[in-house]
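Q: Please take this structure through its labels one at a time. For each label, give the definition, set the value against it and conclude.

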Amino acid sequence: MEAVLEQVEQLPALLAVSRSALVRDWDSLTLDRALEWARYFQHLHDRFRTRPRLREALGRRLRRGQRSPLLGFPNLGRCPQLLGLALLENRALPPAACRRLIHSLLCPGGAEPGPEPRSLALLARRKAASRLLALPRPPEGLEPQVQAEAQLLLSRLREEGQEAQPAGEAAGSLRWLSGVLEQLPQRRAFGVVAAALLLRQESGAEQAGGGERVGNSLNGNQVSATEEDLAGPLLAWLLENMERFSAFCLFLPGSLLASLAGHYSQLNRPYLDLLTGWGSGLLYDPLQGRWVKRCLDKAVLSWEELRERFSCLCQGSDLVKAQTQAALKLLKAQGGDFNVRGLSVWTDLLMELEEYLRKEAER
């Protein structure tokens, strides 16, 4: 078993080399040997996947000395895909080896067992789809490529959840997700996570099988447990670091955040707390007759931006609307419960929003 562990420990090095300029010296035989090692690692995964103690031992050896993102036992089952993807994106791969790789993608050489084949051909199709296809009904402010990446992220989260043991599923998925997202520029990572959360909700609604929609959500708790589990790591990644969540909320438009708050109750309270903190950075200027930033280097949102964010929440689901109005009324009461403008930012916000909602109801 020690010999197997030593062999598994070489997987990170193999993947690192496949992404480096060292592949410029590879010929077709070298490529074949690399693919054979990848298939061997996949074989180990299939052999030990039902043996928890060996799974844990292999996972520990894989993580030894690695930098983020960490490889784990489930990655053994995807070694051909991981290696193929790295080589497909490496322009240093010589033409002969590249032709050999493409041939292996198109002609894997025999049918693979199981209802869901994990061939390199499947990898090629997914890669092409992520580059060329735009998903229908793009969420506001999110590009089609970000949507495609979000859909691939959800697919991988499903695979991670299926591979992980129940006891370590949540922690393992979050660890893997954190490693992936940390490799992206922050704004791109935020866009992918937002799109994934919206697509997960739509996917869960479709799997519910014909429930009646109200706005962007379904009546009742009809979303499948599998789809519901996908949101857990995404929400945990956002909420485990409040600086990250604050940057996420600043990056996304208010309408999209209101939609997310309507779908995921875990986001509503932290988002309202953020808005409360940002509103506290405003000061009423009697000369200008409006609310201005108390300290330019600390205040985050202007009065207009804050009003727009609260307005979007009040146009969301009935639950979000009620929670938002209740929060504003509580803040108004804590500030003296004045009904005169210019004394409390929360009084002014509540009065403007109630006037806006009254006009909307009269239309």
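A: First, burial: a residue is buried if its relative accessible area is under 20%, exposed if over 50%, and partly exposed in between, with a 1.4 Å probe and protein chains only. Helices (H or I, at least four residues) and strands (E, at least two) are DSSP runs, numbered from the N terminus. This is a predicted model, in which local features need pLDDT of at least 70 and side-chain atom pairs count only at pLDDT 80 or more, while totals for chains, interfaces and linings use all residues. Residues are numbered from 1 along each chain as its sequence is written, and side-chain values use heavy atoms, with hydrogens and water left out.

Q: What makes helix α14 mostly covered?
A: Helix α14 runs over residues 254–263, and eight of its ten residues are buried. These are Gly254, Leu256, Leu257, Ala258, Ser259, Leu260, Ala261 and His263.

Q: How many residues of α6 are buried, and which are they?
A: Eight of the ten residues of α6 are buried, so this helix is also mostly covered. The buried ones are Cys79, Pro80, Gln81, Leu82, Leu83, Gly84, Ala86 and Leu87.

Q: Why are α2 and α6 called roughly parallel?
A: Axes are lines fitted to C-alpha atoms, for helices over the stretch in contact, and the angle between N-to-C directions runs from 0 to 180 degrees. Angles under 35 degrees count as roughly parallel, over 145 as roughly antiparallel, 65 to 115 as roughly perpendicular and the rest as oblique. The axes of α2 (residues 11–18) and α6 (residues 79–88) cross at roughly 25° and come within 8 Å. The two helices are therefore roughly parallel.

Q: Which residues make the contact of α2 with α6, and how do they divide by class?
A: Contact means heavy atoms within 4.5 Å. From α2 come Leu11, Leu14, Leu15 and Ser18, and from α6 come Cys79, Leu82, Leu83, Ala86 and Leu87. Ala, Val, Leu, Ile, Met, Phe, Trp, Tyr, Cys and Pro count as nonpolar, Asp, Glu, Lys and Arg as charged, and the others, Gly among them, as polar. On that scheme the contact has eight nonpolar residues, one polar and no charged.

Q: What makes α13 and α15 roughly perpendicular?
A: The axes of α13 (residues 242–251) and α15 (residues 265–279) cross at roughly 80° and come within 11 Å. That angle falls in the perpendicular range, so α13 and α15 are roughly perpendicular to each other. Met242, Phe245, Ser246, Cys249 and Leu250 of α13 meet Leu267, Pro270, Tyr271, Leu274 and Trp278 of α15. Nine of the residues in this contact are nonpolar, one is polar and none is charged.

Q: Why is the pair of Trp37 and Tyr40 called edge-to-face?
A: A pair of aromatic rings is described by the distance of the centres and the angle of the planes. Rings of Phe, Tyr and Trp (its six-membered ring) pair if their centres lie within 6.5 Å; planes under 30 degrees apart count as stacked, over 60 as edge-to-face and the rest as tilted. The structure holds nine aromatic pairs. In the pair of Trp37 and Tyr40 the centres are 5.7 Å apart and the planes are at 85°, so it is edge-to-face. Both residues lie in helix α3 (residues 28–48), three residues apart, about one turn of the helix.

Q: What makes Phe310 buried?
A: Its relative accessible area is 1%, so Phe310 counts as buried. Phe310 sits in helix α16 (residues 303–314). Not counting residues up to four places away in sequence, Phe310 touches Leu272, Leu275, Thr324, Leu328, Trp346, Leu349 and Leu353. Leu353 is 43 residues from Phe310 in sequence and 8.0 Å away in space, C-alpha to C-alpha.
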